[in-house]
Amino acid sequence: MDITVREVKSRRDRKDFLVLPEKIHAGHETWVHPIYMDDRAYFNPKKNRAFSYCDTLLLLAFEGDEPRGRAMGIVNRRYNEERNEKTARFGYLETYEDPRLVEALIRALEDWARGLGMMKMIGPYGFSDQDPEGFLIQGFEHRATIATYHNFPWMPGFVERLGYEKDIDYFVYQLDVPDDIPELYRKVSERILRRGNFRVIEFRKKKEIKPWIHRVLGLMNECYSQTNIYGYSPLDEKEMDALAKRYLPVLDVRFVKVVEREGEIVAFIIAMPDMTEGIRAARGRLFPFGFMKVLRAAKKTKQLDLLLGAVKDKYRGMGLDALMGSRMLASAREAGYKIMDTHHEMEANIRVRAEMERMGGRLYKKYRVYKKALA
């Protein structure tokens with residue numbers, strides 16, 4: 001049957017776009033549903049500020065009248081202007097196992113991007129690196145985490161057939177939570193606190209975190225921009241508020257650590273309990289009772305997922321990562337966690353990857369972002 005591609009315009013199209021992945025991944029044991037309340041806001045130009053500075057295109061692929069695939073095109077104008085690039089992104093690509101569907105969607109996005117004067121396409125990628133990025137290429141037997149893609153093994157090959165090649169790989173490690181803090185971490189932490197005039201701030205209630213949100217995310221903007229974190233576009237205040245609103249309800253304050261020196265935030269690290277079992281049980285729907293399944297899973301899980309972290313440039317290499325790591329490990333151990341997921345580490349970040357391996361970390365997932373010149 002012929003394949004047709006059309007832009008998402010109607011309310012019915014938008015609903016199909018949101019729920020299609022659940023149909024495609026039916027029976028896929030390690031796939032995790034999106035939280036649909038978040039997805040409805042994310043793909044809504046009235047609620048997601050990123051639409052105001054990005055050109056976007058949402059597409060559905062059909063066989064007859066049946067939706068069989070979807071994809072999103074993004075041109076982040078703010079990012080391109082900052083980096084002097086002409087780069088488009090494809091993301092949220094989901095299809096049934098048919099290379100014709102992938103080709104039809106990707107070709108349509110490429111034509112759209114060329115029409116906007118773009119010279120390169122990368123993906124999968126969202127508006128920024130806070131969104132899912134990279135196809136899974138290793139570790140398919142492990143369940144997805146809350147902020148990652150979890151595609152079928154055949155998907156990367158279908159994209160490669162269209163002329164795409166590796167742009168960057170991300171590595172994800174799994175660490176055992178030790179019974180005792182590593183001696184090196186303990187010694188470095190004691191030295192820093194004794195000599196450096198640093199203070200570790202920890203929290204007991206969510207309301208204590210709110211005054212720190214903009215300061216912490218402001219440091220993230222500073223650090224990620226200075227180090228040219230791949231795909232990162234600085235957040236404005238409204239985007240900071242939106243990110244906080246998205247994650248604060250499910251955040252466990254025990255796993256937020258901030259380091260301050262003379263009133264200045266110099267480092268932070270944020271982790272959260274793995275709650276994917278609850279999201280799967282709720283099928284991504286929090287109401288009327290799904291949120292109870294998610295909260296129950298967060299209490300029962302033995303896995304802690306790292307999300308974000310940064311150290312101010314002039315304090316790097318002083319051991320603040322060890323200081324925060326020792327506090328995070330202590331909190332994880334006290335809460336009964338057994339393992340930690342490190343989230344994405346760039347392949348080129350040799351120092352951090354070496355540290356993960358030195359701590360006994362096991363490489364258990366690998367993600368790849370692809371690129372193609374738009375001649």
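A salt bridge is a side-chain nitrogen of Lys or Arg within 4 Å of a carboxyl oxygen of Asp or Glu. In this predicted model, the count by that rule comes to 36 salt bridges. The views below show some of them.

**View A. A salt bridge joins Arg-362 and Asp-176.** The N to O distance between the two side chains is 3.1 Å. Arg-362 belongs to strand β14 (residues 362-373) and Asp-176 to strand β7 (residues 165-176), so the pair ties together parts that are 186 residues apart in sequence. Arg-362 is partly exposed, at a relative accessible area of 32%. Asp-176 is also partly exposed, with a value of 46%.

**View B. Lys-312 and Glu-222 form a salt bridge.** Their closest N and O atoms are 2.7 Å apart. Lys-312 sits in the loop between β11 (303-311) and α12 (320-334), and Glu-222 sits in helix α8 (residues 213-226), so this contact ties together parts that are 90 residues apart in sequence. Lys-312 counts as buried, at 12% relative accessibility, because buried means under 20% relative accessible area. Glu-222, at 27%, counts as partly exposed.

View C. Arg-358 is partly exposed, with a relative accessible area of 45%, and Glu-355 is partly exposed at 23%.

**View D. Salt bridges link several residues in a network.** The network consists of Glu-103, Arg-107, Glu-110, Asp-111, Arg-114 and Lys-372.

Note on methods: Residues numbered from 1 in each chain as written. Predicted model: local features only at pLDDT ≥ 70, side-chain atom pairs only at ≥ 80, totals over all residues. Heavy atoms only, no water. Helix = DSSP H or I, 4+ residues; strand = E, 2+ residues; numbered from the N terminus. Buried < 20%, exposed > 50% of the residue type's maximum accessible area, 1.4 Å probe, protein only.
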